[in-house]
Amino acid sequence: MNRPLLYAVLVPALLMTGCTAEPFTPTSPASPVSASATPTPTGDAYAAWQAGRSTPVADPIYPERGTDALDVLHYDLALDWSPSTRVLTGTATLQVRPTKDAASFSLDFKPYDIDSLTVDGAPATGKVAKEKLTVATPVTADSPFTLVVAYHGRPTTTPMPSKRSDSAPLGLTVGKDGGLWTMQEPYGAFTWYPANDQPSDEALYDIAVTVPKGWSGIASGTPMGQDGDTFRYQSTDPVASYLTTLAVGKYKKAAGKGPHGLPLTYWYRPGDKGALPVLKQSPKYLAWLEKKFGPYPFPSGGVVMVDSESGMETQQMITLGSAVFSYGADQFELDVVHEYAHQWFGDAVTPADWRDLWLNEAWAQYAQLVYQKETAHATDAALDAWLRQSDSALRKEFGPPGHPRPSEFAMSNVYICGAAMLRQLQSVIGDKKFFALARDWAQDHRNTQQTRASFTAFVNEQTGQDFTAFIDAWLDSPTTPPKSLKDRRR
């Protein structure tokens with residue numbers, strides 16, 4: 001997720017003179033077509049979705065969202081949107097592995113009208129209340145089942161648990177023109193399909209979006225073509241629910257090719273034309289990121305522009321608010337780089353719970369800052385001074401990055417303070433070892449969920465030294481750790 005008003009912006013005059021003043025300053029109902037037409041599986045057929053197997057954990061920051069009792073392996077979403085009536089009609093087919101024996105099971109879901117509900121092909125009883133769909137069917141641990149939910153209704157959003165300046169309601173938003181778009185971190189996917197809406201349960205996806213003639217349906221994943229007015233997408237790499245996206249509108253499409261012929265797609269409206277030249281520079285941004293962090297982790301990429309003040313690293317199809325471009329092309333470029341960096345950090349490697357949001361944002365923020373420093377020819381001293389000054393102020397206001405407050409989701413401390421830790425780690429072990437560590441973290445842990453403990457163990461193993469106290473101090477201290485902290489690692 002981006003922070004347009006709080007991202008570092010270069011002040012060229014100060015950078016040119018090498019002043020010790022702040023060179024970096026904060027700115028800061030039709031029946032839908034089946035998505036994959038896959039029959040209800042039996043027996044070993046669930047092996048087809050084993051790449052979507054996860055180890056769900058209860059999230060301590062937002063415990064009311066998601067469950068550790070279910071591991072969704074695959075979502076097949078067939079969606080039909082009517083702009084004139086503002087009604088979404090959907091059929092969600094889920095392959096689910098229970099992790100516990102239970103007399104019933106629940107998923108996060110907004111109160112749509114349920115048209116039909118089956119478990120393994122048999123009619124089942126379900127109730128939607130308090131943003132939960134509860135199905136009164138017993139399940140057995142490690143015995144997968146198929147849930148099919150047909151539903152319709154008018155989408156509504158859910159409140160954002162944050163005081164951010166760019167905060168807006170989460171989930172599926174209906175625009176004034178009848179279009180749709182999503183922003184759903186830390187949750188909100190449940191506003192358009194039944195979901196285990198927490199980061200530790202990643203799954204495979206097939207999404208089909210049927211829209212009126214002249215409209216386009218855009219979703220996360222690899223574009224799989226268009227059948228009439230139905231647009232299809234598939235994710236063969238597992239996706240956390242907050243990293244899915246859906247957009248519907250009268251879009252235009254531009255195509256490009258990234259490194260190694262990577263297919264790229266840019267979806268924009270007439271009012272977004274000013275952003276298109278920056279989006280078309282995506283191959284350059286991805287090539288730069290590949291040099292730092294290794295191969296791009298997915299089979300396609302791109303950006304869809306929406307009516308938001310923020311941006312989101314939705315997997316394989318970044319969701320960027322058109323308001324972000326209002327801060328200027330230079331700032332917009334940094335935001336695009338930031339969201340592409342998340343494809344490595346946050347998407348390919350996802351935190352197990354929201355305590356470790358810094359694992360996403362620290363790396364993406366630091367990648368953005370390194371790109372900014374290199375392209376603007378900034379000095380190391382300028383970056384160091386800005387990071388330490390910003391870190392101090394943010395810890396005082398929001399606390400340390402390893403202890404995010406539930407009511408202050410994704411505030412700048414998890415971005416800047418985490419990036420300051422990575423900057424000091426780089427200064428201790430050197431550039432070559434640091435970027436080798438960054439590359440190996442992203443590549444070796446691809447398609448997994450990770451934690452502070454696993455990151456610490458990785459750093460210690462990679463460097464052959466004990467950085468536990470170093471990492472704990474940067475994540476837990478209410479004040480900026482001293483530069484001399486590097487000596488405590490031995």
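Strand β13 (residues 202-210) and strand β16 (residues 230-240) run antiparallel and are joined by 8 bridges, where helices (H or I, at least four residues) and strands (E, at least two) are DSSP runs numbered from the N terminus, and two strands pair if DSSP finds at least two bridges between them. Within this pairing, D206 stands opposite Q234 in β16. The model is a predicted one, in which local features need a pLDDT of at least 70 and side-chain atom pairs count only at pLDDT 80 or more, while totals for chains, interfaces and linings use all residues. Residues are numbered from 1 along each chain as its sequence is written, and side-chain values use heavy atoms, with hydrogens and water left out.

On its other listed pairing, β16 meets β15 in the antiparallel sense over 4 bridges, with P223 opposite Y233 in β16. The hairpin of β15 and β16 has 2 residues between the strands, and G228 takes a positive phi near 65° there. These strands belong to an open sheet of 8 strands with mixed pairing, in the order β7-β6-β10-β4-β3-β13-β16-β15. At its edges stand β7 (122-123) and β15 (222-227), each with a single partner strand, so one side of each is left without a neighbour in the sheet. As a general point, strands of a sheet pair through backbone hydrogen bonds, either parallel or antiparallel.

Another open sheet is formed by 3 strands in the order β5-β9-β8, and its pairing is antiparallel. Here β5 (105-108) and β8 (126-129) are the edge strands, and each has a single partner strand, so one side of each is left without a neighbour in the sheet. Neighbouring strands of this sheet are turned by 20° against each other on average, direction ignored, with axes taken as lines fitted to C-alpha atoms (for helices over the stretch in contact) and angles running from 0 to 180 degrees between N-to-C directions. Strand β9 (residues 132-135) runs antiparallel to β5 and is joined to it by 4 bridges, and K132 in β9 has D108 opposite.

In strand β19 (residues 263-268), 5 of the 6 residues are buried, so the strand is largely enclosed by the rest of the structure; buried means under 20% relative accessible area, exposed over 50% and partly exposed in between, with a 1.4 Å probe and protein chains only.

From the strands we turn to a residue in a helix. Q343 has its place in helix α4 (residues 329-344), and Q343 is buried, with a relative accessible area of 0%. A polar atom of the side chain of Q343 lies 3.0 Å from the backbone nitrogen of Q316. Leaving aside neighbours within four places in sequence, Q343 is in contact (heavy atoms within 4.5 Å) with residues including Y296, F298, Q316 and A348.

A search of the whole structure finds 31 aromatic pairs, where rings of Phe, Tyr and Trp (its six-membered ring) pair if their centres lie within 6.5 Å, and planes under 30 degrees apart count as stacked, over 60 as edge-to-face and the rest as tilted. The rings of F345 and W363 have centres 4.9 Å apart and planes at 10°, so this pair is stacked. F345 lies in the loop between α4 and β23 (349-351) and W363 in helix α5 (residues 357-376), 18 residues apart, and both are buried. W354 and F409 form an edge-to-face pair, 5.3 Å centre to centre with 90° between the planes. Both W354 and F409 are buried. One aromatic cluster includes F293, F345, W358 and W363.

Finally, the confidence of the model deserves attention. The chain averages a pLDDT of 91, and 90% of the residues score at least 70, pLDDT being the predictor's confidence in each residue, from 0 to 100. Over residues 4-34, however, the pLDDT is below 50, and this stretch has 96 contacts in the model beyond near neighbours in sequence. Where pLDDT is low, the predicted coordinates should not be read in detail.

How values were computed. Polar contact = N/O pair within 3.5 Å; in protein donor to acceptor, adjacent residues only side chain to side chain.
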